[in-house]
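The following exercises concern a single protein chain and its side-chain contacts. Please work through each task with the structure at hand before reading the solution.

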Amino acid sequence: AKDLPSPYSRMQCCCNIGRCWSAGTIPEMCPMRGTYEYRKLCIDGFPLVPGGGPTIHDGSRPYPGPHVGPHPNGMIHFNGFLPLNVTDLCSFYRNLCINGRCIPLPGQSYRCECNVGYQLDTRGECIDADECVSNPCIHGDCVNTQGSYFCRCHTGFQSTATKMCVDIVECVQNGQICKHGRCVNTEGSFHCICNAGFQLTPDGRNCMDQDECAQRNMCMNGMCINEDGSFKCICKPGFQLTANGRICVDIDECQTTGICMNGRCVNTDGSYRCECPPGLVIGLDGRVCVDTHMRSTCYGGYKQGQCERPLPGAFTKSACCCASTDYAFGEPCRPCPAANSDEYHALCSGGPGITSAGRDINECALDPDICPNGVCENTRGSYRCVCNSGYEADVTEKKCVDIDECFRKKLLCDNGLCRNTPGSYTCSCPKGYVFQPMSETCEDINECETNPCINGNCKNTISSYLCECFPGSTLDASGNLCIETVKGTCWLQIINEQCEVNINGATLKSQCCSTLGAAWGSPCMSCKIDSVCPRGYTRVNGTICDDVNECKVFPGVCANGDCVNTAGSFQCLCSHGMTLDSSGRTCVDLRLEYCYLRHDDEEECTIPMRGRFRVDACCCSVGAAWGPDCDKCPEEGSEELLALCPRGRGFSRKGEIDGKPFYKDINECRTIPDICHNGRCRNTIGSFRCRCHSGFALDSEDRNCTDINECHISPDLCGPGHCVNTQGSFDCECFEGYESGFMMMKNCMDINECERDPLLCRGGNCENTDGSFRCVCPHALSPWSEDYINECELSDNLCKNGRCVNMIGRYQCACNTGYQATPDKQACVDIDECTILNGGCETYCTNSRGSYECSCRNGYALMPDQRSCTDIDECEDNADICDGGQCANVPGEYRCLCYDGFMASEDMKTCLDVNECELNPNICLSGSCENTKGSFICHCELGYSVKKGTTGCTDINECEISAHNCDQNSICTNTPGSFRCECGEGWSGDGIKCSDVDECSNGTHKCSTNAECTNNAGSYRCLCKEGYKGDGLTCTGKSDKSSAYSPLLYPDRHDLPLTNPSSLSFVNPYFSK
């Protein structure tokens, strides 16, 4: 078996890997290794040299060995002879143990250990092990291979890496199987469990719909309709579906309450029939046995053999007599049978109020006057009276009697006289009282509500009133008019309960409060709005209103303009070039022109400022003239200057805040770039200051800095030297032996040559003189004598802050800058520069070792010369320093002018937010207040919002803006913070959903008993029955068939034919013809 692909010789086959060899068709076994045949074929013939056959290691020809044979324990030994030195047969014969490992054994033998997948045969050789013998492939077929095997798995199984066949879970791998059902995995396969109404497909892989209608007797007495996974039965009329939904069974209509009234019901297959007793026939609906009597007149009473009060319309006898036994019927009329008679029981088998046909009798429609002083409400078999106001029903609820309100309510018409009337009462109140329907009493009339008191306060009294005049006015003879006699201050507005902006100092209160004023007097009183006269008018007598001439009452009301009185107001007219501001009362010049710093007597302007300015920004600061015509600015102290600059110089108008003109400080340092030349400009409130640099002084106008000629002021300034003036300073040219001083001291000072050069006068003493020095020499000393000592070399601690210089017989110190020698010149001490003219510092001088430094007060900064100080403009350095206000710089500090919504801190350097929500908890009314920076926000409750021009939350009219969810057949009514829905007439429900009221079913219609009631959406209509004519409310007499129906129209029915137009009656209040 297992033929090799290419042909081999017998030696190549048997001596290498073969087991059998064939020269033809019949194979022969190869000789066993170690046998004589094997040695003769393979060893003597050298078939495997050099390919791995048995060879001797020394390369000589193999020794013809003894016979080799197998051993029962797998050991193989030679039967012949080998050289005595051959002990390892595995090394001697290399082709031993093919497909295994050769292990040499003592005594010229060996054994084979086979590889995995191989086993020893009877000859001791390694041959392939057939693993398939042990059936390792469960759920598959085993296929043996050389040294191994593999499993060919059955259908529904798959091979694994461990050579096992495991089940394939088809329900997980394939999502397209078992549609309309549930997949269940099985070993090697799967099966489908179908949903109800489905069955397996022929291939068993999916579920398909089951046609239940194909089954026999399905949906008997009906029609079967197959559906996906189900079916349904539609039964024929008169049949109903059983609980299992598969069969339609007959409906026994005779079990229905009220069927075949006044007769006998017989059930049939799919229907029924009514059998009526003699005298009754089936009605039009086929469900009731009705009276066959003819219709006639019904009378509302029978007295002394006479019928009285005929009721409108024609009725059957049962409809008349079953309503009331007091009635009479027919022509000629006969009284209705008594309630206990046999005739009554036969006629009214359903009892009182029910016709022989079993229908309820509408007593309200039968007798419209049945409930005088009330409204009749029909009920099943009877009726009741709903009485009008002032009446109440008796115990039978069928009669309305008058209520004596005066007797029942003892406090009715209190303070007056009560008189009972049918259905009501009347109150007679005395003079000064009026009847109040809410309290049902005579209450005092508050005459003050009509404001009878002119220019005064009204005080109500019992049945009258009294006018009280304000201080400064008296009551006239009429008792209604207060004549003003005192004039007071008129205030424009009230802010934080403080009266501000005095409009005029002498004004009548009525003229003030009816025009511009918000308060009047001192102390001020807030004005009250006159309910009679509009703004701009005042009452002169009673309710007569007269226009107030504001131009006369308030002289100068139009600042810088002309006042023109108008009806109820006034108008300010400005001259050319002037513009009316937002207040409408002040004419301001907003033109931008050149500003000049000088104006001479010849009307010439010089020194123009860079840029263009308004006239107030020019003339209220440093300007002398303005405009293209070189108009001179007003003189100091003049009325013109006061009008142009109300706050004085240094301020210009910047609009209005809360009705008051707002004037802002003019920053001259920014407006005039060339101001304070040779100095530093510092803005102040209403002005500015020039801080001149060292060596300069202010000019006569305090606007610029000019050079100081120090040499001219003080000729001996330099001392022993010549003074030379420079721009902003001076220099000293000193004589020989002198030099200019240190720091700010430039005068000529003597040079101490002895200190500057310690090596002068070596061997002697140097003495300084004015402008020079001299040497005093001692007796000669030898530098090499034993007494000569160099102190500078002996110690390093000499002359700290200086340099040690050795002298003959002593030493002296040459000090560093900032230090000076002690009188004995043996040490260096610090110079306190601050004790000498404060070190040249303008403010603070701080000494330090070997030096010093200058510093300034808070709010000032050191100049580049490190000596002088200048003001810090905090407003310019930090634009947001007054967050919430305007910053104003002042010497050494600043101030904050805060805007509305902010308040200044105690040091006036911060604007603090005002919490309006805490100041006024009710500021938002129907909402919550949230404070914001400089203001506040109102978060309104549901149904409220903040409207433009208001601060609090006001109610939203949801009905007006259609923000409601009321039904289209309901009426929307606005309420505070919400709304209310009420269904309209003819509809019922909660207002959000309204359903039609079926007046015909509940008996609230007003159709005649001889008419048919038809319900419509929101209403109903009445049609006279056959044989009657009328408008539906009243149907009388007989007429031909062409005019048998006269419709009662309602607004939603305009399409009905008008068979008798003269009989129409429009009773719906919403209908317009």
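**Exercise 1.** With which residue does Glu440 form a salt bridge, and how far apart are the closest N and O atoms?

*Solution.* The model is predicted, so local features need pLDDT of at least 70 and side-chain atom pairs count only at pLDDT 80 or more, while totals for chains, interfaces and linings use all residues. Residues are numbered from 1 along each chain as its sequence is written, and side-chain values use heavy atoms, with hydrogens and water left out.

Step 1. Apply the criterion: a salt bridge is a side-chain nitrogen of Lys or Arg within 4 Å of a carboxyl oxygen of Asp or Glu.

Step 2. Identify the partner. Glu440 pairs with Lys409, and their closest N and O atoms are 3.3 Å apart.

Step 3. Helices (H or I, at least four residues) and strands (E, at least two) are DSSP runs, numbered from the N terminus.

Step 4. Classify the exposure. Buried means under 20% relative accessible area, exposed over 50%, and partly exposed in between (1.4 Å probe, protein chains only). Glu440, at 24%, is partly exposed; Lys409, at 42%, is also partly exposed.

**Exercise 2.** Which residue meets Glu593 in a salt bridge, and where do the two lie?

*Solution.* Step 1. The partner is Arg612, with an N to O distance of 3.5 Å.

Step 1. Glu593 belongs to the loop between strand 50 (587-588) and strand 51 (595-599), whereas Arg612 belongs to the loop between strand 52 (605-608) and helix 11 (615-619); the pair, 19 residues apart, links distant parts of the chain.

Step 2. Arg612 has 45% relative accessibility and is therefore partly exposed.

**Exercise 3.** How many salt bridges does the structure hold?

*Solution.* Step 1. The total is 21.

Step 1. Consider further examples. Glu982 and Arg980 meet at 3.1 Å, N to O. Glu982 is partly exposed at 40%, and Arg980 is partly exposed at 38%.

Step 2. Salt bridges also link Arg101, Arg111 and Glu113 in a network.

**Exercise 4.** Is Thr586 buried or exposed, and which residues is Thr586 in contact with, leaving aside its neighbours within four places in sequence?

*Solution.* Step 1. Thr586 occupies the loop between strand 49 (579-580) and strand 50.

Step 1. With 12% relative accessibility, Thr586 counts as buried.

Step 2. Contact means heavy atoms within 4.5 Å. Apart from neighbours within four places in sequence, the contacts of Thr586 include Ala559, Asn560 and Arg653.

Step 3. Cys558 is 28 residues from Thr586 in sequence, and their C-alpha atoms are 5.4 Å apart in space.

**Exercise 5.** Where is Ile17 found, and how exposed is Ile17?

*Solution.* Step 1. Ile17 lies in the loop between helix 1 (10-14) and strand 1 (20-21).

Step 1. Its relative accessibility of 46% makes Ile17 partly exposed.

**Exercise 6.** What share of the residues in the protein is buried, and how many helices and strands are there?

*Solution.* Step 1. Buried residues make up 36% of the 1073 residues.

Step 1. The protein has 19 helices and 90 strands.
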